[in-house]
Amino acid sequence: MSAVRIALKDIRQRLRDRSFYLWGIVAPLSLAAIFSLLFGGLASGTMSFSYAVADEDGGVTARAFVEQVLMPLDEQGVFSIDEVDSAAEAQARAGDAEVNAAFVIPSGFSAAVAANQATSIEVVANVDSPIAGQVGRAVAGQFVNEINSVGISWPPTSA
């Protein structure tokens, strides 16, 4: 019974203190509103990203990334893809916020893969779309990591 009295005394003291209302009610609601503005579309599944892709390589592996990774994601409505002619155009479109980010497949990409050399795909994000940039880096990074890990494990060693 004494624990209940102590708890009630503490609650009364807290309610008399104005900082309780600030830290207990106003601050959490304000943070919730800010996070809702920042990430609201992400949680509801309505956030859509658009990407430009510049294939400066034109090789088999580069086309596989565009046709077997990016285009199916576009067809499923995960994000939209626009193919452009050059890396400069892709970077300009990302910089001008025409797209959220751009994939740039460098020339020599397919040759590096064929020679079992480590390679990468550059992702250029618009400064106002950091989440789109992270999503693009994750997609490109996963593809490149798969290619690099296959290259490391090939040719198979004989026992």
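Which residue forms a salt bridge with Glu 67? The partner is Arg 63, and the closest N and O atoms of the pair are 3.3 Å apart. A salt bridge here is a side-chain nitrogen of Lys or Arg within 4 Å of a carboxyl oxygen of Asp or Glu. Before we go further, please keep in mind that this is a predicted model, in which local features need pLDDT of at least 70 and side-chain atom pairs count only at pLDDT 80 or more, while totals for chains, interfaces and linings use all residues. Residues are numbered from 1 along each chain as its sequence is written, and side-chain values use heavy atoms, with hydrogens and water left out.

Let us stay with Arg 63 for a moment. Both Glu 67 and Arg 63 belong to helix 3 (residues 60-75), where they sit four residues apart, about one turn of the helix. Helices (H or I, at least four residues) and strands (E, at least two) are DSSP runs, numbered from the N terminus. An α-helix has 3.6 residues a turn, so residues three or four places apart point the same way. Arg 63 also forms a salt bridge with Asp 55, again with the closest N and O atoms 3.3 Å apart. Asp 55 is buried at 17%, Arg 63 is partly exposed at 25%, and Glu 67 is partly exposed at 48%. The structure as a whole holds six salt bridges.

Now follow the chain to helix 4 (residues 87-95), where Ala 87, Ala 90, Arg 93 and Ala 94 are buried. Looking down the axis of helix 4, you will find its buried residues within an arc of 130° (taken from the directions from the helix axis to the C-beta atoms), so they line one face of the helix. The cover over these buried residues includes strand 1 (49-55), strand 2 (79-84), strand 3 (101-105) and strand 4 (122-125), with contact meaning heavy atoms within 4.5 Å. On the face turned away from the buried side, helix 4 carries the exposed residues Ala 88 and Gly 95.

Helix 4 is followed by Ala 97, whose phi is positive, near 65°.

Definitions and conventions:
Buried means under 20% relative accessible area, exposed over 50%, partly exposed in between (1.4 Å probe, protein chains only).
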